[in-house]
Amino acid sequence: MKYGNDRNDLTLLLLILAAFLFHSPFTRWWSDLNPPWYAVYVLWLVIIVLIALKHLRSEDP
Amino acid sequence: MGLELWNLFLIAITYLGVLFLIAYSADVGWLPAKWVDHPVVYALSLGVYATSWTFYGGVGLADRSGFAFLTIYLGVTAAFLLGPHILRPILTLCRDYQLASIADLLAFRYGGRATGSVVTVFMLLGILPYISLQIYAVTESIQVLTRQVPPDLLALFFCLVVTVFAVLFGARHLTPREKHKGLVAAIAFESAVKLAALLLAGGFAMTQVFDGWHAMEDWIRANPQHLENLYSTTDQSLWSCLLLLSFCAAFLLPRQYHMTFVENEKPASLKTAYWLFPLYLLLLNLPIIPILFAGKHLSLNTTPDFYVLGMTLTLGSPWMSVLVFLGGLSAATAMMIVTTLALSYMCLNHLFLPAQISIARPERNFYGRILWTKRLIIAAIIACGYLFYLVIELNQGLASLGLISFVAAAQLLPGVIGLLFWSRGTQKGFLAGLIGGAVVWFAMLIVPLLVGSVQQDTFQLVTSRLGVGDVDIWSVSTFCSLSVNTLLYILGSLLSKPSATEREASKICTGKSTQATPTTATLPSTTEYISQLERLIGTSAADHEVGRALHESGIDPNDTRPASLALFQDRLERNLSGLLGPTVARLAIRSNRRLEQPAEIALAESLRYTEQRLAQSREQMQGITKELDDFRIYLRSVLRELPVGVCSSSPQSDVLIWNDAMQQITGISENQARQSVLKDLPTPWGDMLSEFSRSDDNQRIRQKVSVENTEATFDLYKADVSDPQDTGESTFGQVILVEDRTSVETLESELAHSERLASIGRLSAGVAHEIGNPLTGIASIAQNLHYEDNNGAIEESADDILAQVARINGIVTTLLAFSRSNVGLGSNRDIVDLRTCINEAIQLVRLDDPGRKSVFDVQLDQPLSAHVNSQQLVQVFVNLLQNACYASPPDQPITLRGQSVDNNISVRVVNHGDVIEADKLAHIFEPFFTTKPVGEGTGLGLSLVYSILTQHGGRVSAQSDPSSGTCFEVVLPLAETASVTGNVEELNVVTSQPTDTRQKPGSGERP
């Protein structure tokens, strides 16, 4: 049986990951590395793919 | 090089015409519904978020603020990441209560008209800068392309064109609900055009400006300061501020609320949008950096906002310029059309109609008035945007206008978060917070915009005195306005008491209650609703709306049952909500309540609604709530799939539950049944179930019903359901079980016939023997007749012959009657003296070999009248006596005792054979259970005895012990016609030796 908590935990984990990547001291760290201009898009895409995987695998409406 | 103005004009008009064609095609069904309703189309339609600010201003913002420009979209991604917890509940509320605007939503939670009006006025003010931004962007883009015509004139012309198309898209005619399939299709198409234009522009920058990817990378390495500038803003306050503002804008801007919630055709589409819309935004922003670098590389003379146009013009690519212009035009027109539609709806339903209701002046042409009011509001909003465009001084780029509106929309965040998660919030608190935040917003962002000279100096003076001199204006204004807003909201709410309506709404919004409010009718008849409405919307409109609601709910106009009226009122209110908004609709219908109903009146509807809400709220359930709901679903499935028909009804006989078996038995669908009361169900079910429901019987066995000219048999059971919330004696209704016995009865009939034929087979040897005896006698007498010359002796011989023939006839008649198949157990009954049946059974048993050797000790009261099927009772006693003969030793008599006891007849058949063990005795009446050796018994005899007696309202029991032998007791109800007092009469004692017995008349035996 699947529990709602599992899905909420996943949402929370994704939110923490997104905040870690885009709104934390880590953001300053990776931006100071002078990565390629598209690096920020790649990180954004990772978040979107994880959101998509979460919802595509979920049976909830 | 520039483009001709008239060329751009023709291209723009043609493009808008194509858009209108797409919208019209979707509206009239030329485009397949599966395309229009596809989740991808829905997700693309949310792309209205990306306006000309994104299309042109994105490059400018990236130039000024680096990668902070992406936070405008990262915040949206965060909002959609939290979609199941924020967007989904709002969508559910929006669909359940027809909340067609952000003002409707907040008015629903925070107590009505004042809230709706304040939110509408504030949103109007807050969005005007955003509309002027679109006008500015399109006008500037035409200026860049043509370098001619005064911008104010261009802006005016653009506003006129957009007004016409906004009316065509959203106010061409009145729709029963605020849904426009055509608009969704057109906006989705515009989003696709925007994406294609920007991606092509990005590709153009990379290939035509830089000669490919590697050349661009080389340029970046040669000019590292540009890349460093991009990454330099990630730790600034602006980064956090824009994340928060775009998070709010994702669902609080009127156009986003409209496209996300109001135009959502299928809730499941939102699940796709959670990831597809952020992906769309990512793709849309991917070309921004290459275009910015291309502009820097070309050292373009235009502002960075219009690098995308300048780049194509500089490289002499008119088609690319036109494509980019169309992309920008798409972004601006889509925003203006959807925003003005959403705002016109808010103005109409929260400013104009409440005023009209207040003065209660019915309109002759109500629909026409509403339509034209809406059109005028659209025109007025665009005109206000144009005026705002004329008075502002734009010196901070396009993004500044958009951000002013974003900060305005963010003022709704405390109220909406409180709506979803804090049930203590009140209207006073919300209004105090909103007005406080709005004042700060106006003072810090609008005043400097209108009076440009005070902007920078005043701001820097204030921020430096506050010790945050290096913080940007957006962060300071957002922080200040939201802090004031939230503080006042919390304080105001804690210091005021929520009204009853607010308490109910807060429970619904926070998911603590699933109770629907429109469950009880307020007026006693449908004609009263016409009278109620015609005072507000005029006679013809009231007639039309009531007629439409009657038609859609399938209610008869003369139906005055409270449940039907509640259904009708619910439909009427939903229809009027689409037209007038929920606040006015509720006011129009419920302002004159004349019918007080107990809460359980619309129990059926309430239960149905509760189930719907539970199903929709499953995603939010956690822990024990989720497990309880799993258990509810499990029990529901058990009930639904039970192979016995289950129907439950409310105290008013409304059908509440109608399971699958019930649908199969009756052919009545669940929907049809649940919209009815028991007695109104189709024949014969309505009469049968309502009569049984009213009766005192708790069960009815073998109820015969004619279904489609075929007789069917049902067992009915019922029980009262106690109210789980009431400890008293009141009931929650009844549950009725219906078991279809038709096929079982047919099988039982066939079983009885088979057993009868088996008995005949066993008796046939005895028949041959018994008929042989009288035939031998007849033959002897006939031979003696040759030698008789005495007439008296001849007559005596003839009498003997006739007696023997009568005996044969009796045997044959009995066998024929016994073998005849009956239509069913317990049928064809008559008043019968059981002694006749027992005698007949003894005669039949005696035809068999064990029966001939047995002695029967019979003592029966006289008479033993019962209302039975005589042939079936003969079968009972034949089976009991055959078993007794088989078990009993030859020297022990088989005792039959019959007497009447307390209105019952008791017949006991006792033999003194082997004792039946207790464990076997418990199963002795089960089919195919036998104590006889294999091959000697079918195991059906006693089972049949049990079935026959049960169907006659009687019973059979068995006892066995060594002292008193094995006793089978048959009990049947005594027929009331008996008139002869019972005397014990010793009938006969029949031995196995015919020569030694005395047989009562009819035995035919001779010494």
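Guide: Read along the sequence, chain A follows the pattern α-α-α, with 3 helices and 0 strands in its secondary structure. Helices (H or I, at least four residues) and strands (E, at least two) are DSSP runs, numbered from the N terminus. The model is a predicted one, in which local features need pLDDT of at least 70 and side-chain atom pairs count only at pLDDT 80 or more, while totals for chains, interfaces and linings use all residues. Residues are numbered from 1 along each chain as its sequence is written, and chains are lettered from A and ligands numbered from 1 in the order in which they are written.

Confidence comes next. Chain A averages a pLDDT (the predictor's confidence in each residue, from 0 to 100) of 82, and 82% of its residues score at least 70. Within chain A, helix 3 has the highest confidence, at a mean of 93, and helix 1 the lowest, at 79. Where pLDDT is low, the predicted coordinates should not be read in detail.

Of the 61 residues of chain A, 16% count as buried; a residue is buried if 20 or more other C-beta atoms lie within 10 Å of its own, exposed if 12 or fewer, and partly exposed in between, with C-beta atoms placed from the backbone. Leu17(A), which has its place in helix 1 of chain A, is partly exposed because 15 other C-beta atoms lie within 10 Å. Its C-alpha atom is separated by 8.0 Å from that of Ile47(A), 30 residues apart along the chain.

Chain A also touches chain B: 27 residues of chain A are in contact (C-beta atoms, placed from the backbone, within 7 Å) with 34 residues of chain B. On the chain A side, helix 1 (4–22), helix 2 (25–32) and helix 3 (39–57) each give two or more residues. Helix 3 of chain A provides the largest share, 9 residues. By type, the chain A side divides into 16 nonpolar, 9 polar and 2 charged residues. Here Ala, Val, Leu, Ile, Met, Phe, Trp, Tyr, Cys and Pro count as nonpolar, Asp, Glu, Lys and Arg as charged, and the others, Gly among them, as polar.

The axes of helix 7 (residues 102–109) and helix 8 (residues 113–146) of chain B come within 8 Å and cross at roughly 150°. Axes are lines fitted to C-alpha atoms, for helices over the stretch in contact, and angles run from 0 to 180 degrees between N-to-C directions. Helix 7 and helix 8 of chain B are therefore roughly antiparallel to each other, on a scale where angles under 35 degrees count as roughly parallel, over 145 as roughly antiparallel, 65 to 115 as roughly perpendicular and the rest as oblique. Ile102(B), Ala103(B), Asp104(B), Leu106(B) and Ala107(B) of helix 7 make this contact with Thr115(B), Gly116(B), Val119(B), Thr120(B) and Met123(B) of helix 8. These residues comprise 6 nonpolar, 3 polar and 1 charged.

Helix 8 of chain B also meets helix 4 (residues 52–65) of chain B, the two axes coming within 10 Å and crossing at roughly 65°. Ser52(B), Trp53(B) and Tyr56(B) in helix 4 contact Leu133(B), Gln134(B), Ala137(B), Val138(B) and Ser141(B) in helix 8. That contact divides into 5 nonpolar, 3 polar and no charged residues.

Note on methods. Two residues are in contact if their C-beta atoms, placed from the backbone, lie within 7 Å.
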